[in-house]
Amino acid sequence: MTQNVAGPLSFSNVGRDRWWKRGAFASQTAYVAIAFVLITVLVSIFAHNFLSTGNLLNTSKNFSYIAIVALGSTLVIITGGIDLSVGSVMALVAVMTAMLMKTFATTWLAGIPYAGITLAVVCGLGVAALAGLVNGLLISKIRLSPFVTTLGMLSICRGMTYVITQGRGQAPAGPQVDTFYALTDGKLFGLPVPLIYLLVLAAIMGVALRHSRWGRWVFVLGGNEKAAQLTGVPVDRVKISVYVLCALSAGFAGILITGWLGSAPANLATGYELKIIAASVIGGADLAGGVGGPVGAVIGSALIEVIRNGLALFGADTYWEQVFVGTIIILAVLVDHIRTREAE
Amino acid sequence: MAHASGAESAAVLQLEGVSKDFGAIRALSEIDLVVNAGDVVGLMGDNGAGKSTLVKIIAGNFHPTHGKIRFDGQEHRFDRPLDARSVGIEVVYQDLALSNNVSAAANVFLGRELTRRVGPFRFLDHRGMNARALELFGELKSETRPKDLVKSMSGGQRQAVAIARTRLSNAKLILMDEPTAAISVRQVAEVLDLIRRLRDQGVAVMLISHRMPDVFAVCDRVIVLRRGHKRADKPINQSSPEEVTALITGALESA
Ligand SMILES: Nc1ncnc2c1ncn2[C@@H]1O[C@H](COP(=O)(O)OP(=O)(O)OP(=O)(O)O)[C@@H](O)[C@H]1O
Ligand SMILES: [Mg+2]
């Protein structure tokens, strides 16, 4: 087969784009990162206590919960799907974990160190995985629309949360409850642990998306699902995996919030699905599929939190938050649209 | 079936009475055909004649409504494209089956990514895939950079990516559904050259094309479909572009 190869190819007429029009610089994530820096600088100039250690730690903790779920949500969005059930999965997992901890504390499990909290957390995450599995199976095997399927799951999980709690908040309890608080709301190297979890998960997700076959298939599912099918990509399995991971991220964040609040109210994370999807989209995930990443999810979530925190520090009416977030969603997508139209 | 050459070459693909219905539409009816190792068969026919449907049946995209497929003498029922690929059938689809948002190399290796093991994990071998893709594009004389996104590529470059994909494994039969539809004269010559090289290695090729000169340039045999029926199957040197045109349009019933 080599007899016909005429030396290395020369790309006479094929130039290379300028650095700022290429790779990471040419993405919506980059624009939003710049916007994030500008807004952060603005806020810190006008609100002097923004840069206080206490406020920074608080802000970074607050946004971690949303950002962890935005990671999972971004995975789903890259495949061209959407998951509306994340907020209620957070709540269901949070109350179940707290209730199980309390229940296990009264059984023989209380005698084995850490058995109660470990098992409660594992069961909680198991419930999340189950919700994701049901979403994934219905969407991939039965081909129901992701929007409708996860809207149904939103209602089911929220409903279950109220059924099992009768609307009452659930506080974690048991012999090792301090350990639970340390692991969910403590500090490591002076940083809040939720932030550490977020950074570790984002790094793992970044590596998996760029450097594993699974990650490549996640992108191709959003790019051209038919091509994936024709070339033998296990389309259904990859699809199910992203819904399970998304639900797991929601469940995990729900457990962390329980540690932060010291209790899991039944209305926990109500309406968060929109905030989470907004964070993913602001960070550059394309609802049409095929584009997105962990850096965008983190920056998108951080931007939303800085705006909220800035408004609070200014003493402005925090009800404006949603108006600003909405404006930023549209601006981010608009800038991206103008940029891609220019390129054509 | 005695061929003009008289050589007793082994049949790679045999179709017996293959039909395909899409609801009320009979896209293919009672197709019999044989493709031997090293055959280059031109499959021609008007739009909607059933060419792509035939390709997709052989490639495992659909089951035939009736009829049998034999490959290497064995009867097969392909449930998925992967099944057909695993016995040695590669396809260039008419719509190319490319994903715009990943690189050319990623598309070439789609579903067959090379990986390197690091501890318990397997990571994509980006360098290996890019290098191999560059080699394959070189063989096709295509100025295609492995790392470029398919989104920004010309029709010809996209076709090169889809064709390069078929060269990853040692296929016995390559089906090409209009591989020369959108490319330059020079690249057409390269694709036809590639087909000849494949034939010399004993690979069978089925070339679907509306371009009469291409078919007459490389094929040993031409098959004409009209409205799902096989109207001709004869050595190319016993036919002529005029006769094939008449068969395609229906001016000539059969030959
Ligand atoms: N998935 C499908 N469902 C229903 N009908 C189909 C399907 N695929 C093909 N057909 C029909 O089968 C017939 C043959 O189509 P096919 O795509 O095989 O034609 P073709 O010879 O490849 O045409 P072209 O030269 O335009 O590519 C057409 O009438 C088409 O409408
Ligand atoms: Mg066709």
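Modeller: Salt bridge first: a side-chain nitrogen of Lys or Arg within 4 Å of a carboxyl oxygen of Asp or Glu. This is a predicted model, where local features need pLDDT of at least 70 and side-chain atom pairs pLDDT 80 or more, while totals for chains, interfaces and linings use all residues. Residues are numbered from 1 along each chain as written, chains are lettered from A and ligands numbered from 1 in written order, and side-chain values use heavy atoms, without hydrogens or water.

Biologist: How many salt bridges does the count come to over all chains?

Modeller: Side chains of opposite charge can pair when their charged atoms come close. Apply the rule over all chains and the count comes to 24 salt bridges.

Biologist: Take Lys61(A): which residue does it form a salt bridge with?

Modeller: The closest N and O atoms of this pair are 3.0 Å apart, and the partner of Lys61(A) is Asp185(A). The pair links distant parts of the chain, 124 residues apart. Lys61(A) sits in helix H2 (53-78) of chain A, and helix H6 (177-185) of chain A holds Asp185(A).

Biologist: On to the two chains: about how much area do chain A and chain B bury between them?

Modeller: In the contact (heavy atoms within 4.5 Å), chain A takes part with 32 residues and chain B with 37 residues. Carbon and sulfur atoms carry 57% of the buried area, which is the accessible area (1.4 Å probe) lost on being put together, summed over both. The value is about 3,000 Å².

Biologist: And which side chain of chain A meets Asp95(B) in a salt bridge?

Modeller: Between chain A and chain B there are two salt bridges. In one of them, N to O is 3.0 Å, and Asp95(B) meets Lys226(A).

Biologist: Which element gives the most to the side of chain A that touches chain B?

Modeller: Helices H7 (193-211), H8 (213-223) and H9 (225-230) of chain A each give two or more residues to that side; helices (H or I, at least four residues) and strands (E, at least two) are DSSP runs numbered from the N terminus. With six residues, the element that gives the most is H8(A).

Biologist: What about the largest cavity: which element gives the largest share of its lining?

Modeller: The whole structure has three cavities of 30 Å³ or more, and the largest holds about 140 Å³ of space. Of its 14 lining residues, Leu230(A), Arg85(B), Glu90(B), Val91(B) and Tyr93(B) are the closest to the centre. Helix H2 (81-87) and strand S6 (89-92) of chain B each give two or more residues. The largest share, four residues, comes from H2(B).

Biologist: What counts as a cavity or a pocket here, and what is a volume?

Modeller: On a 1 Å grid over the protein atoms alone, a cavity is a set of points where a 1.4 Å probe fits but cannot get out, a pocket is an open set with protein on both sides within 12 Å along at least five of seven lines, and lining residues have an atom within 4 Å of a point. Points are joined across faces, edges and corners, and a volume is the space filled by probe spheres set on the points.
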